[in-house]
Amino acid sequence: MSGAPREVAVVAFAQSDHRRRTEDLSEVEMVMPVIHQVLDRTGLRTGDIGFTCSGSSDYLAGRAFSFTMALDGVGAWPPICESHVEMDGAWALYEAWVKLLTGEADTALVYAWGKSSSGPLRDVLTRQLDPYYTAPLWPDPIALAALQAQALIDAGLTDEDALAAIGARSRADAAHHPHAQLTGDVPQGDHIVRPLRRGDCPPIGDGAAAMIIAAGPGARRLCARPAWLRGMDHRIEPHGLGVRDLTDSPSTRLAAERAGAFTRPVDTAELHAPFSSQEVVLRRALDLGPEVRVNPSGGALAAHPLMAAGLIRVGEAAARIHRGDSDRALAHATSGPCLQQNLVAVLEGDPRDR
Amino acid sequence: MTAEPVAVVGIGQTRHAAARRDVSIAGLVREAARRALDDAGLDWADIDAVVIGKAPDFFEGVMMPELYLADALGAVGKPLLRVHTAGSVGGSTALVAAQLVTARVHATVLALAFEKQSESNAMWGLSLPVPFQQPLLAGAGGFFAPHVRAYIRRSGAPPSIGSLVAYKDRRNALRNPYAHLHEHDITLEKVQASPMLWDPIRYSETCPSSDGACAMVLTGRAGAARAPRPPAWLHGGAMRSEPTLFAGKDPVSPRAGRDCAAEVYRRAGITDPRREIDVAEIYVPFSWYEPMWLENLGFAAEGEGWRLTESGVTALDGELPVNPSGGVLSANPIGASGMIRFAEAALQVRGAAGEHQVPGARRALGHAYGGGSQFFAMWLVGSEPPPG
């Protein structure tokens, strides 16, 4: 390597149809089609890929080492250079991006999947919490998000009508999305945990996504209009909800700053906001004005396959750049209760490639 | 931009034990991390990012514990990445942390791996349930024993080799204050008289279930220059994966392991590992894996690995000491075990391995594997910076 850091771009992205349940599919069967789609789009074969990284969670599958079988679907023979994060696939993308920056690989395959339907999700996700003090109380993710939503309302930053409008806008945008789970005019419904109604919460669903990134001139050979990853960063906040200001997301703001999001305005933002109230928090943390198109894909309120939903935000932003619908986009992924951990990626298309 | 060389400037591990009831999971990781920071002469604020690894979340019953551990690891306001590559995860975690330094994304990174097996039962956690696979209900030993038998049949190794490895490693562990098992009264006869668990693997030839953590501070050239103690320098690292089960797989000597070693040697400029590497920390959870991996790693020709063990080459005072720390056979906090191999290799080339130091060790191999001999992670560290 010499000169400036390497340029890396998203050159292909694919996602499955997101469905409420997929008893007819194994994890391998869910992952394989999207992997083959990104390989077909670039003309690459498994053996051409320099590095492979995936994101998933054993707790969703209900068994240890659930990711080992998914690797069979990649076609890891002859042996490949490969790693896995027990996180959303957006963090697998981060690991792959760093690998390409070192110069040790020129292309990477990133994939992620989640079968949220395998168990009672609201119960399962309580196991993410402090095992000694919090998890024994079984506070579920909707109850925790409701605390955050109520804090926002108490602070005068939103109200139930504004939250309902976020849900309605998301599902209206998703009406044209071939893979979304909930689309169109979905009723806002009753309160699940006040102040959150059914329409403020993400659908529970199964799905997978895959992406190929490439460095330097290779990216242009694989994609007519590569989505260049100008920066990527992620930050975490304390776990205890009592020591955080739930109306703010300093980790998102810091990650965005480190990723270079604030040096020039973006035209598109794909935000991983599973709850309508979290879009309010993220818009404020990222200083997004009304001129920025937020979640044109419908976002997590239209489809929320856990462990893939964050990677899908990056993929949706990249796909808009590939199509020429965006020149500079921000993508965000989150993990943990009430936006505890946040990742921001900034992607750009070269105006000359339009 | 040229790649930044990577130095290990701090190493810490916990006292490993069957059950660390004196600490929470957070307390356990904190113990290792604090020791690594002290060794590096640094404090929490000097760390730019944290990479954490452990084996399945089911072992402790905490889903994505990095979220809960963010505070204990001093990671608040920083990037925190969680790696999981089965039993190789400790090695993979160190390599991912090293890449952050190599790529100059971060200057100083804390890598940490742990397992608190006493919170659960790993034997059953490792027994794949229906409907995902045929029920094995035999833990890792039941999975690996047929591969050991295949090795014995192929190589013609005498049945005594496994017990020799176990006796050697448990004796080495007596010199390592952090090792879980300190069997002061061990004899070769006792190993050979221990109950047969999975033929030919006897009780004393298996790894214990341990609670424990290991941490390392990785940094670049400038960080190494400020370090109070000699660093270990990374000369080469690699990961390789292959499918768990398929007709073409050789479970006795998986190609992913051979390819991974070859990549490490290529990066480190090693052409004759047997002569050029002074000490090896190899992931040996069942005694027979020492001769098997000696062949897989290129230290011996195919079918000849057991001769190195039998002739004493791999003893602490042999030509190629293997597992002077006592190895996985003497402490196995699963998620941390790979990183302990990497860390022990680094301690050797820093001259900081205490009672189990191999005199004059200049180049050391750290090795980890996981899944059904599916995932491999290795690094080679040296006392001198890599050339260039």
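**Reading an interface, helix packing and the backbone**

Me: How many residues of chain B are in contact with chain A?

Reply: Contact means heavy atoms within 4.5 Å. By that rule, 56 residues of chain B are in contact with 59 residues of chain A. This is a predicted model, in which local features need pLDDT of at least 70 and side-chain atom pairs count only at pLDDT 80 or more, while totals for chains, interfaces and linings use all residues. Residues are numbered from 1 along each chain as its sequence is written, chains are lettered from A and ligands numbered from 1 in the order in which they are written, and side-chain values use heavy atoms, with hydrogens and water left out.

Me: What area do chain B and chain A bury between them?

Reply: Buried area is the accessible area (1.4 Å probe) that two parts lose on being put together, summed over both. For chain B and chain A the value is about 5,200 Å², with 65% of it on carbon and sulfur atoms.

Me: Which side chains meet in a salt bridge?

Reply: A salt bridge is a side-chain nitrogen of Lys or Arg within 4 Å of a carboxyl oxygen of Asp or Glu. Between chain B and chain A the count is 1. Glu104(A) and Arg267(B) form a salt bridge at 3.9 Å, N to O. On the side of chain B that touches chain A, the elements supplying at least two residues each include helix H3 (89–102) and helix H9 (255–268); helices (H or I, at least four residues) and strands (E, at least two) are DSSP runs, numbered from the N terminus. By class, that side of chain B has 31 nonpolar, 14 polar and 11 charged residues. Ala, Val, Leu, Ile, Met, Phe, Trp, Tyr, Cys and Pro count as nonpolar, Asp, Glu, Lys and Arg as charged, and the others, Gly among them, as polar.

Me: At what angle do H3(B) and helix H13 of chain B pack?

Reply: Axes are lines fitted to C-alpha atoms, for helices over the stretch in contact, and angles run from 0 to 180 degrees between N-to-C directions. H3(B) and H13(B) (residues 334–350) pack at about 60°, with axes 5 Å apart. Angles under 35 degrees count as roughly parallel, over 145 as roughly antiparallel, 65 to 115 as roughly perpendicular and the rest as oblique. H3(B) and H13(B) are therefore oblique to each other. Their contact has 5 nonpolar, 5 polar and no charged residues.

Me: Which residues of H7(A) meet H10(A)?

Reply: The axes of H7(A) (residues 160–173) and H10(A) (residues 276–286) come within 8 Å and cross at roughly 95°, so these helices are roughly perpendicular to each other. Leu163(A), Ile166(A), Arg169(A) and Ser170(A) of H7(A) meet residues of H10(A), among them Glu279(A) and Arg283(A).

Me: Where is the backbone at Pro78(A) placed?

Reply: Most residues other than glycine have a negative phi, and most peptide bonds are trans. The bond from Trp77(A) to Pro78(A) is cis, with omega near 0°. Pro78(A) lies in the loop between helix H3 (67–74) and strand E3 (82–85) of chain A. Asp199(B) and Pro200(B) are also joined by a cis peptide bond, with omega about 10°. Cys338(A), not a glycine, has a positive phi of about 50°.
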